[in-house]
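Here's a quick briefing to read with the viewer open. Have a look at the model first, then go through the points below.

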Amino acid sequence: MRAHWVIENMLHFVRDTAFREDASKIRTGHGPENIATLRSFAINQLRTAGHTNIAAGLRTTALRPYERPLTVLELN
């Protein structure tokens, strides 16, 4: 039972709050699955880069949208 809440707090809650997943208009085909995968990928990459607060990590990364995402992915 505790494992379920760990997943809920670590992933689903973050996707709901930081990415506003519940308000998403993507509802047809494989779109919801694909976007959820991309959101999870972004969360994991931010955590790997050392961000413990995902919302703050997104704001920091958005400051220079052509440089920082590449740095987080270690492509720069």
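Which residues form a nonpolar patch on the surface? They are Phe 41, Leu 70, Leu 73 and Leu 75, and together they put about 370 Å² of accessible area on show. Keep in mind that this is a predicted model.

**Surface patch**
- Leu 70, one of the patch residues, sits in helix H4 (residues 68–72).
- Leu 70 counts as partly exposed because its relative accessibility is 35%.

**Nonpolar core**
- The largest nonpolar core has five residues: Val 14, Ile 43, Leu 46, Ile 54 and Val 72.
- Leaving out residues up to four places away in sequence, Leu 46 touches His 51, Ile 54, Gly 57, Leu 58, Thr 61 and Val 72.

**Helix H3**
- Ile 54, Gly 57 and Thr 61 are the buried residues in helix H3 (residues 54–62).
- Looking down the axis of H3, those buried residues fall within an arc of 55 degrees, so they line one face of the helix.
- Arg 59 and Ala 62 are exposed on the other side of H3.

**Salt bridges**
- There are three salt bridges in the structure.
- Arg 64 pairs with Glu 67, with the closest N and O atoms 3.4 Å apart.
- Arg 64 is partly exposed at 43% relative accessibility, and Glu 67 is partly exposed at 41%.
- Elsewhere, shared partners tie Arg 15, Glu 21 and Arg 39 into one salt-bridge network.
- The Glu 21–Arg 39 pair links distant parts of the chain, 18 residues apart: Glu 21 is in the loop between helix H1 (2–18) and helix H2 (31–48), and Arg 39 is in helix H2.
- Both Glu 21 and Arg 39 are buried, and Arg 15 counts as buried too, at 11% relative accessibility.

How values were computed: Residues are numbered from 1 along each chain as its sequence is written. This is a predicted model: local features need pLDDT of at least 70, side-chain atom pairs count only at pLDDT 80 or more; totals for chains, interfaces and linings use all residues. Side-chain values use heavy atoms; hydrogens and water are left out. A nonpolar core is a set of buried Ala, Val, Leu, Ile, Met, Phe, Trp, Tyr and Cys residues joined through side-chain atoms within 4.5 Å. Buried means under 20% relative accessible area, exposed over 50%, partly exposed in between (1.4 Å probe, protein chains only). Contact means heavy atoms within 4.5 Å. Patches are made of residues with over 30% relative accessible area and no salt bridge: like charges are joined within 9 Å, nonpolar side chains (Val, Leu, Ile, Met, Phe, Trp, Tyr) within 5 Å. Accessible areas come from the Shrake-Rupley method with a 1.4 Å probe; for residues, only the protein chains shown count as cover. A salt bridge is a side-chain nitrogen of Lys or Arg within 4 Å of a carboxyl oxygen of Asp or Glu. Helices (H or I, at least four residues) and strands (E, at least two) are DSSP runs, numbered from the N terminus. The arc is that of the directions from the helix axis to the C-beta atoms.
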